[in-house]
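Hi,

Here is the structure we talked about. Please open it alongside this note; what I found follows below.

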Amino acid sequence: MPVVYLSHGAPPLADDPIWPGQLAAWSAELPKPEAVLMISAHWEDAPLAIGATATIPLVYDFWGFPQHYYDVTYPAPGAPELADDVRKLLRGPGTSVHDVPDRGLDHGAYVPMVEMYPEADVPVLQMSMPTLDPASLLEIGRKLAPLREQGVLIVGSGFFTHNLRALNDDGTVHPVMAEFDEWGQRALDAADIDALLDFEHKAPAAQLAHPRTEHFAPLFVSLGAAEADLATQRSVIDGFWLGLAKRSLQFG
């Protein structure tokens with residue numbers, strides 16, 4: 001299976017005239033996965049944790065939105081076999097994996113899945129990020145890479161730029177968001193992993209593009225899982241949504 005990093009937007013993504021169609025077209029081009037392993041910007045937990053392996057209610061981890069966004073459901077099947085494989089791959093000396101069976105999919109997981117697999121017929125398992133350290137997340141991705149041979153789609157779900165103060169609905173893009181997006185595209189095209197790992201120092205205005213780095217962090221899990229296919233990297237979706245870069249990538 002390929003590996004992806006996608007910008008997941010927010011619940012109103014469903015109402016955008018363009019983005020849902022882009023996600024649907026992307027999934028139609030991908031091989032149908034046996035399961036999805038989701039690493040979302042919205043779940044940080046250490047030690048590394050695995051969420052529900054059965055179908056349980058979603059986590060509506062947002063506030064102040066109209067009621068219909070809280071009425072969304074996504075009853076994807078659980079993935080207990082995938083959870084077993086993740087535990088085997090990640091557990092080792094000094095590394096533990098624990099289970100949070102009552103933790104449903106958060107909006108970083110289900111918002112894009114609703115658009116990509118609207119029938120909710122693909123098992124989805126979510127795991128936490130135990131750290132935001134890029135090198136550590138890269139190593140986690142490397143350990144997860146064998147899942148690709150089992151038909152698992154590994155998805156890092158974040159946002160290529162994420163500063164809520166830059167949000168706007170007038171069609172303009174803050175120069176910082178555009179500069180960081182351009183830098184990121186160049187680094188990815190060059191497979192410059194060292195620069196990406198040190199993005200907080202190498203990228204222009206990184207602290208403004210990402211005041212906190214949790215939305216860029218899932219990229220490093222994807223990069224680790226796709227290490228053998230970095231030369232195939234391509235941006236499937238680019239451009240901006242409410243002023244933030246929605247660049248989304250496929251490897252393999």
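Helices (H or I, at least four residues) and strands (E, at least two) are DSSP runs, numbered from the N terminus. This is a predicted model: local features need pLDDT of at least 70, side-chain atom pairs count only at pLDDT 80 or more, and totals for chains, interfaces and linings use all residues. Residues are numbered from 1 along each chain as its sequence is written, and side-chain values use heavy atoms, without hydrogens and water.

Start with A145. It sits in the loop between α4 and β6 (152–158). A145 is partly exposed, because its relative accessibility is 22% (buried is under 20% relative accessible area, exposed over 50%, partly exposed in between; 1.4 Å probe, protein chains only). Its C-alpha is 7.4 Å from that of G224, although 79 residues separate A145 and G224 in sequence.

Helix α4 (residues 134–144) packs on helix α9 (residues 218–225) at about 40 degrees, with the axes 6 Å apart. Axes are lines fitted to C-alpha atoms, for helices over the stretch in contact, and angles run from 0 to 180 degrees between N-to-C directions. On the α4 side, the contact (heavy atoms within 4.5 Å) uses P134, L137, L138, G141, R142 and L144. On the α9 side it uses F220, V221, L223, G224 and A225.

Now the strands. Strand β5 (residues 124–129) has 6 of its 6 residues buried, so it is largely enclosed by the rest of the structure. Strand β2 (residues 35–44) runs parallel to β5, joined by 5 bridges; pairing takes at least two DSSP bridges. E44 stands opposite M129 of β5.

Best wishes
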